[in-house]
Amino acid sequence: MYQRTTNSNIHRNSKKSVKTKRMEKLMLWAGRVLAFGCVVCMLGMLGSLYQKSVQAEGKPTGSANQLQILDETILSGSEPGSTADSKEMSESTTADAKRTDVESGDANIAAEWPLLLVNPWNTIPEGYADTISLTELINGQSVDQRCYPDLQAMMDDCRAAGYSPYICSSYRSQAKQTSLFEHNVSALMQAGYSEEDARTETARNVAKPGTSEHQLGLAVDIVDKNYQVLDEAQEDTAVQKWLMENSWRYGFILRYPTDKSDITGIVYEPWHYRYVGKKAAEEIYRDGIVLEEYLERQ
């Protein structure tokens, strides 16, 4: 009886041993398959990363003489980022734009495009946006292609003089201008202003939609790389000193000087430059006047 029990136990143990060995083999092969799968997956990821790296390195960044662009959001008080510092203008691409007659009583608007007056009392003529052909910048901003060559020359010469100018804002659509205006209104209301007071205060610093020169594609906000804040201290930067003295040579004027707010309707902005053409810019600069005063003389 004892012998039979022993033999039976040995037989059962033998079966368990065989099963155990089989399970160990299966687990070993499963582990190998899993490890192989992980290796394949990692190789695929590395290949994908390498391909993206090659594509990124292959993108043209433009020459050193091309316009450098600074994203507008950096001017809200945060530190300038490396991405913004590395942005340059891409190959200039002209957007196809419809050419239609400007729906306005003034037949000279199309011919006198550099001198079109836009301020709190003079809105952009209906349909004017359809007459603009834009040169698109790498970050999605644009300028009227007719002022682009002079703008490019001005930026090139400013850099050649040893300075670092950046364009932080240019053409704005009606929708973009509306968004900026309403955002400022909302911020003031959150600070405790009534809606009426918030709109009044906002209008002193942000043009109402339809009254902004940025919507013409002829205005650019330019800052110094070393001081990227839109406030009056901008006038003390090396870039602004150079631009204030030389922008007229390229057809641009400092549109909102410090002592003309009652005429322009806009507070002092030592970063906002407007293209008016070289002839008008020279006279405006020489006589220390603004666009409104220049047009009154004509």
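1. Let me start at Val276, which sits in the loop between E7 and helix H8 (278–287). Helices here are DSSP runs of H or I with at least four residues, strands are E runs of at least two, and both are numbered from the N terminus. Bear in mind that this is a predicted model: local features need pLDDT of at least 70, side-chain atom pairs count only at pLDDT 80 or more, and totals for chains, interfaces and linings use all residues. Residues are numbered from 1 along each chain as its sequence is written, and side-chain values use heavy atoms, with hydrogens and water left out.

2. Is Val276 buried or exposed? Its relative accessibility is 4%, so Val276 counts as buried. For the cut-offs, buried means under 20% relative accessible area, exposed over 50%, and partly exposed in between, with a 1.4 Å probe and protein chains only. Setting aside neighbours within four places in sequence, Val276 is in contact with Pro114, Leu115, Gly251, Ile253, Ala281, Ile284 and Leu291; contact means heavy atoms within 4.5 Å. Val276 and Ala219 are 57 residues apart in sequence, and their C-alpha atoms are 9.5 Å apart in space.

3. On to the sheet. Four strands make up an open sheet, ordered E4-E5-E7-E6, with antiparallel pairing. E4 and strand E6 (252–254) stand at the edges with a single partner strand each, so one side of each has no neighbour in the sheet. From one strand to the next the twist averages 40°; axes are lines fitted to C-alpha atoms (for helices, over the stretch in contact), and angles run from 0 to 180 degrees between N-to-C directions. Helix H6 (residues 238–246) packs on the sheet and touches E4, E5, E6 and E7, its direction making about 140° with that of E5.

4. Two strands pair if DSSP finds at least two bridges between them. Strand E4 (residues 165–169) pairs with E5 over four bridges, in the antiparallel sense, and Val223 is the bridge partner of Tyr166. E5 and strand E7 (residues 272–275) are antiparallel too, over three bridges: Val220 stands opposite Tyr273, while Ala219 faces Arg274. E6 and E7 also run antiparallel, joined by three bridges, and there Leu254 stands opposite Tyr273.

5. How covered is strand E5 (residues 219–224)? Six of its six residues are buried.

6. Asp150 is in helix H3 (residues 148–160) and counts as buried, at 16% relative accessibility. Not counting residues up to four places away in sequence, Asp150 touches Tyr250, Phe252, Tyr275 and Lys278.

7. Now helix H4 (residues 174–190). At 1.5 Å a residue, its 17 residues should span 24 Å, and the end C-alpha atoms are 24 Å apart, which agrees. That expected span is 1.5 Å times one less than the number of residues. Gln177, Phe181, Val185 and Leu188 are buried in H4. They cover an arc of only 65° around the axis, which puts them on the same side of H4; the arc is that of the directions from the helix axis to the C-beta atoms. An α-helix has 3.6 residues a turn, so residues three or four places apart point the same way.

8. What do the buried residues of H4 pack against? Their partner is helix H5 (195–203). The face of H4 turned away from its buried side carries the exposed residues Ala175, His183 and Gln190. Just after H4, Gly192 takes a positive phi of about 115°.

9. Finally, the whole-chain numbers. The protein chain has nine helices and seven strands, and 37% of its 298 residues count as buried. Among contacts between residues at least 6 apart in sequence, 69% join residues at least 24 apart. The accessible surface of the protein chain is about 17500 Å², with 53% of that belonging to carbon and sulfur atoms. Those areas come from the Shrake-Rupley method with a 1.4 Å probe; for residues, only the protein chains shown count as cover.
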